[in-house]
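Let's learn to read a few features of a protein model together. Take a look at it first.

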Amino acid sequence: MTTILSIIFVYFVILLIIGYLAQRQGRKTAEDYFLANRSIGSLVMTVSVFSTLFSAFTFIALPGLVYKTGFGFIPGLAISNFLFPVVIFLIGYKIWLAGKKFGFITPTELFKHRFNSPGVELVVFVVMVLLVMPYISIQPMGGGYVLGAITQGAIPYAAAAGIITLVMIVYSVMGGFRGIAWIDTFQGIIMLLVSVATLVAVASLVGGFGLGTERVVKELPAHLTPAGPIGLWTWPLYFSWIVFIFFNFMFQPQIFARYYSGRSPRTLAWTLAMWPLMAGFMLLPPAVAALYGRLLVPDLASADQIIPILWTKFLPAWFAGFGAAAVLSALMSTAAGQLMVLSSMWTRDIYVGYLDRKASQARQVWVGRIAIVVLAVFGYAIALHPPALMGLLAGAAFSGIAILAPAGFAVFYWRRATAPAVMISIVGGEIPVFFTYFGVIPKPTWGTFDASIPGLIIAAVLLVVVSYLTAPPPKDVVDAYMAPDMDIFKAIRKPSA
Amino acid sequence: MWFFAVSLLYFVLTLGCRLFAGYGGPVLGSGWISYLLLISILYAIACLIFGLKTWRAEDEAGSR
């Protein structure tokens, strides 16, 4: 136990040191605090995008799903994750260009400017806050449970969630976005190493890859069928997962800050190039390890615990310590990125937008810091006593973010999209998602499709219909988004002589 | 534009892996998983090539 606790302690100390080092490079401007002065390089950008998108799902929920429902949804996960480079090119590069051209810091500033409407800004703000806030509370909750399990109760749930929250507050307040991005990089490397090491170690426990695989084929044949042992992965559900993960990744609020913060388009090029490799090394090993794990622990009541149990029961204490660090990395990198983007939105959209239009740069930084503390403490309070509403919102969060996709595409690719249409599209698309996750609409209404599928269809139809029924947007603003300096395809054309 | 065609092909082939489940293959005793791995590796290589070529033109233009 001392070994595990020592590794976790050293891990937290390293995070704080990185946060302190980042603070020393910081300047007191909003652009520096929220976006590291748009100076993030290729390595930090690549690993930071990766670690903020991959949450504790990777080590907890994903292996749990494979353990319980088989390997059948892995191809869906491969499609939605591997095709992310297309998103980086079509959306990420556009966001980078717009951020550079117009000086945007928050995702909502982009929507407000493009549609020339504070109403659009408000709708996007409310949706993002409602759907991101539960994530911020879920991460300390997950960390609390996992640390409690790995340390066998040596760190109680409330203390573990509290320590995680405190460390996140300190490094985010100190280092700002720069600190978070550097820490993301350190955390992403830990996540990748532990993911691969876990597979190698668990394979050795079942007699090596060859023997382990033979045993899986013989003993768990149903786990290798597309529908899985309990027949969960029907075509509609499989398709739903592909769609909502793909669109969710596209418009996660914290991803905007990553795109804005790149030093040059080349930073995005590296992210694009390395993404499938990193996603493959992150997702496949825990999934296969869970299959091997089922051979070792066949009757686990809580499938989500399979990887932590393999670490604690079958591997040395130091491995469990690094495993705990990897889970903490996964959840803290996601939560800190979300804290930072919500803090920037509060500061820029609400404080500067409505309360103090002439706020100095230094004041904006302090407002952002206070917002981080308040949001993180609020998340911790929820983690201690989760209200039923937060559980329902958390359920809707993944699908709900995906609903922003039609409006998000229209920002860059459809001149005719209007502000009223965007607002109605988002609200209309969220209705089936919220109503289904809140139990107002029975889930079987959509067959085995997730509610995000009807939500996306409604959002797209409303966007088109209402846009044609309302007055076209101001030509000068639209022209600015369709101008040659916003052309992404010049990136793949040969330079003219 | 080849990258978008390859991405579409990856999408179709990955769906195809599920359609043709049951055919024999060397990985995990199941054909569709073998093919999924193979086409995913090929797609990862395609992304590497595309990523490293993309925005290079801009760099070259900027350095002249």
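Q: What should I know about the model before starting?
A: This is a predicted model, where local features need pLDDT of at least 70, side-chain atom pairs count only at pLDDT 80 or more, and totals for chains, interfaces and linings use all residues. Residues are numbered from 1 along each chain as its sequence is written, while chains are lettered from A and ligands numbered from 1 in the order in which they are written.

Q: How are helices H9(A) and H16(A) oriented to each other?
A: Helices (H or I, at least four residues) are DSSP runs numbered from the N terminus. Axes are lines fitted to C-alpha atoms over the stretch in contact, with angles from 0 to 180 degrees between N-to-C directions. Here the axes of H9 (residues 157–205) and H16 (residues 361–384) of chain A come within 10 Å and cross at roughly 170°. The pair is therefore roughly antiparallel, a label for angles over 145 degrees.

Q: How many residues of helix H18 of chain A are buried?
A: A residue is buried if 20 or more other C-beta atoms, placed from the backbone, lie within 10 Å of its own, exposed if 12 or fewer, and partly exposed in between. In H18 (residues 405–413), seven of nine are buried, including A:Pro406 and A:Phe412.

Q: Is A:Ala36 buried or exposed?
A: A:Ala36 is buried, with 28 other C-beta atoms within 10 Å. Though not a glycine, A:Ala36 has a positive phi of about 55°. A:Asn37 also has a positive phi, near 60°, but counts as partly exposed, with 18 C-beta neighbours inside 10 Å.

Conventions
Helices (H or I, at least four residues) and strands (E, at least two) are DSSP runs, numbered from the N terminus. Angles under 35 degrees count as roughly parallel, over 145 as roughly antiparallel, 65 to 115 as roughly perpendicular and the rest as oblique.
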